[in-house]
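Subject: Handover of a protein structure

Dear colleague,

Please find the structure below, together with its sequence.

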Amino acid sequence: MTVLAQGVEGSNPILNITIFGLFVVITLAIVIRVSKRATSGASDFYTAGGGFSGAQNGVAISGDYLSAASFLGIAGAIAINGYDGFLYSVGFLVAWLVALLLVAELLRNTGKFTMGDVLAFRMRQRPVRAAAATSTLAVSFFYLLAQMAGAGGLVALLLYIEDKTQQSIVIAVVGAVMIAYVLIGGMRGTTWVQIIKAVLLIAGAGIMTVWVLGKFGFNLSSVLAGAVERGGQAGEALLSPGKQYGKSELTRIDFISLALALVLGTAGLPHILMRFYTVPTAKEARRSVVWAIWLIGLFYLFTLVLGYGAGALVGPEAIKTAPGGVNSAAPLLAFALGGTILLGIIAAVAFATILAVVAGLTITASASFAHDVYANVIKKGATAPDDEVKIARITAVVIGIVAILGGILANGQNIAFLVALAFAVAASANLPTILYSLFWKRFNTTGALWSIYGGLAITLVLIIFSPVVSGKPDDPVTGRSPSMLQDVDFSWFPLDNPGLVSIPLSFLLGFLGTVLSKDKANEDKYAEMEVRSLTGAGAEKAVAH
């Protein structure tokens, strides 16, 4: 989400920060309580010992997946662009069908703690695990950066903190709380934070949805009509496709590229994949995805009403000119509905959303480094579980500090591209390798390395030289370029999202690396992997090293 620069007129900073503080105190108390039931082993720290039910894990997955960008960004996109804004919701939701049908159960049966377990199952352990960890850390870092900088912007909006130094302190506090969640509770504590956050977010959005519908006689058509009327001359365009992505052939292609990255990227997001290991069986993994689909789908239906409701009750001009622009739609709607108190509650929910997502990302990144790099690459599998957990905790602190520093540097910039980059990297570097590993008998180590490193490199290069970093013309409302860097133009790649190019190229690199190399695939290991992934036989055992 983009940064929100100033305060919302009429909000109460003391009330807002009190609600923030209450959430942090309550969730920390819960994390401390559940951590007393935990053991010190790697299984408990990484996956909570596989002790969550499918329903609990499904709620936690929805809490992990529904970031502040989903809540604030999509509601704002619908308020301003109508039908085209809702297409984001459709892309995010459809992505779960890919995860359910192709990834969830097979991954749970084949792996142990991380994505690297699956990719290295029938490959040469050290190079493939190093590549998987590199990709995991890249996705996690860009996602973390967006959330951390978003935290500074959200608090700036609601607490009237305009000084950059004070915003930096806020970002540091968010990072410190995040590190505390991970160090104290591990995956068990983080999961409960995500469950609480998901309940709060979906309940808050549901209450606002009913409230908006109540103002229009519980008639969705009246809400849409109100948004059209408030939208002025451009109002009619809110109900038909093309307002945002129908301006030219290039924007239509850009939408296809974005949709491809969103739909395929979810099944390659490491912090989502790791959640499949927190349940005891593949059946529960499948149940958890079904629960997640229902909850996420319900939430995105709420955003449809909230977006058009904000358009009708606040108006697109007021949203565009408010601090934070499009992303201020949900807070402004909350203030229009329930005044200062509802605004404070919704602000706290958004803050909780950021904390839960960054905690999930941190534990995933630290687990990948400790399990894949330290235990299996550096120590070649000869390490005690306690040592591995110790390294994971140290890594979590380091990642937290790096995320804080990165969030401070990115504060005030257009950081929306970081989320798109995370999805594009996941779809380009992770998903092709996962699918090839699970379904292609001939796939080998060289193919895996070409696919991961090639997909990662291509995605980064195309993003750096795209209009999201430099070259977009100034916005007539703000007078600033929507690009991250101002007053420079070194873009040569025309699309905002590289998915349309990077994803097929990554699949192609995996294929070429396999057929052109002299590596021989391990057919016995593939047969074992196939049986395990499809039946679950042996899934409770540790992955062979």
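Helices (H or I, at least four residues) and strands (E, at least two) are taken here as DSSP runs, numbered from the N terminus. The model is a predicted one, in which local features need pLDDT of at least 70 and side-chain atom pairs count only at pLDDT 80 or more, while totals for chains, interfaces and linings use all residues. Residue numbers start from 1 along each chain as its sequence is written, and side-chain values use heavy atoms, with hydrogens and water left out.

The protein chain contains 19 helices and 0 strands. Of its 545 residues, 60% are buried; buried means under 20% relative accessible area, exposed over 50%, and partly exposed in between (1.4 Å probe, protein chains only).

Helix 1 covers residues 13-35.

Val118 belongs to helix 6 (residues 115-119). With a relative accessible area of 1%, Val118 is buried. Ser437 is 319 residues away from Val118 in sequence, yet their C-alpha atoms are 7.7 Å apart in space.

The largest nonpolar core has 154 residues, of which Tyr46, Tyr65, Phe71 and Trp96 touch the most other members. Such a core is a set of buried Ala, Val, Leu, Ile, Met, Phe, Trp, Tyr and Cys residues joined through side-chain atoms within 4.5 Å. Helix 14 (residues 329-378) gives the most to this core, with 26 residues. Leaving aside residues up to four places away in sequence, Phe71 is in contact with Leu201, Phe299, Leu306, Ala330, Ile346 and Ala350, where contact means heavy atoms within 4.5 Å.

Helix 5 spans residues 83-110 and includes Asp84. Asp84 is buried, at a relative accessible area of 1%. Beyond residues up to four places away in sequence, Asp84 touches several residues, including Ser240, Lys243 and Tyr245.

Yours sincerely

Definitions and conventions. The expected span of a helix is 1.5 Å times one less than its number of residues.
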